[in-house]
Amino acid sequence: MRSDFCVFILTHNRVDRQKTYGLLRKLHYTGPIFLVVDNEDPSLDEYFARYGDEVVVFNKRFYEDTNDFVDNLDKQNQVVNARNALWDICRELGYKYFLELDDDYYYFGHKEPNVSSCYTYDLDAMFEIFVKYLESTPITSIAFAQGGD
């Protein structure tokens, strides 16, 4: 896998339920993976014990104070802060491209003409195709649709 790309898995208090991490490796993704955890996560020590240098911690309150959620609720259980922190984390780690995933993915698929859906088995190849596409167009972001979307 290219050296300027990584995968971030957003997670909170789910050390034992990292479906996405194992799936990435099973489907032949060989690049870096980072579990992104907020500094208020009660299982932070467990993440470090299990995943070591693959854990990245962000300051939840810092990003909460820099975002306008366009409401007057004091909700702590949303993922917007983590998603916004990724841009800074990516820069700090020295990557140019990243893929942002949640921690509960159980398959990757794609569409083929005249076929309802196909499983994807080589994520290195798939991610490489998308990064090359990004590099060849003025597009700065690509979204993968989730199965329920």
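A search of the whole structure finds eleven salt bridges, a salt bridge being a side-chain nitrogen of Lys or Arg within 4 Å of a carboxyl oxygen of Asp or Glu. The model is predicted, so local features need pLDDT of at least 70 and side-chain atom pairs count only at pLDDT 80 or more, whereas totals for chains, interfaces and linings use all residues. Residues are numbered from 1 along each chain as its sequence is written, and side-chain values use heavy atoms, with hydrogens and water left out.

**Stop one: Arg2**

Select Arg2 and Glu128, which form a salt bridge with the closest N and O atoms 3.1 Å apart. This pair links distant parts of the chain, since Glu128 is in helix 5 and Arg2 in the segment before strand 1 (5–10), 126 residues apart; helices (H or I, at least four residues) and strands (E, at least two) are DSSP runs, numbered from the N terminus.

Because Arg2 lies in the segment before strand 1 and Glu135 in helix 5, the pair ties together parts that are 133 residues apart in sequence. Arg2 counts as buried at 18% relative accessibility, while Glu135 is partly exposed at 42%; buried means under 20% relative accessible area, exposed over 50%, and partly exposed in between (1.4 Å probe, protein chains only).

**Stop two: Glu54 and Arg25**

Move to Glu54 and Arg25, whose side chains meet in a salt bridge (3.9 Å, N to O). Glu54 is in the loop between helix 2 (44–51) and strand 3 (55–58), and Arg25 is in helix 1 (residues 19–26), 29 residues apart. Glu54 counts as partly exposed at 21% relative accessibility, as does Arg25 at 32%.

**Stop three: the largest pocket**

About 1,200 Å³ of space lies in the largest pocket. On a 1 Å grid over the protein atoms alone, a pocket is an open set of points where a 1.4 Å probe fits, with protein on both sides within 12 Å along at least five of seven lines, and lining residues have an atom within 4 Å of a point; grid points are joined across faces, edges and corners, and the volume is the space filled by probe spheres set on them.

To find the centre, select Leu99, Leu101, Ile142, Ala143 and Phe144, the closest to it of the 39 lining residues. Then colour strand 4, which gives the most to the lining, with six residues.
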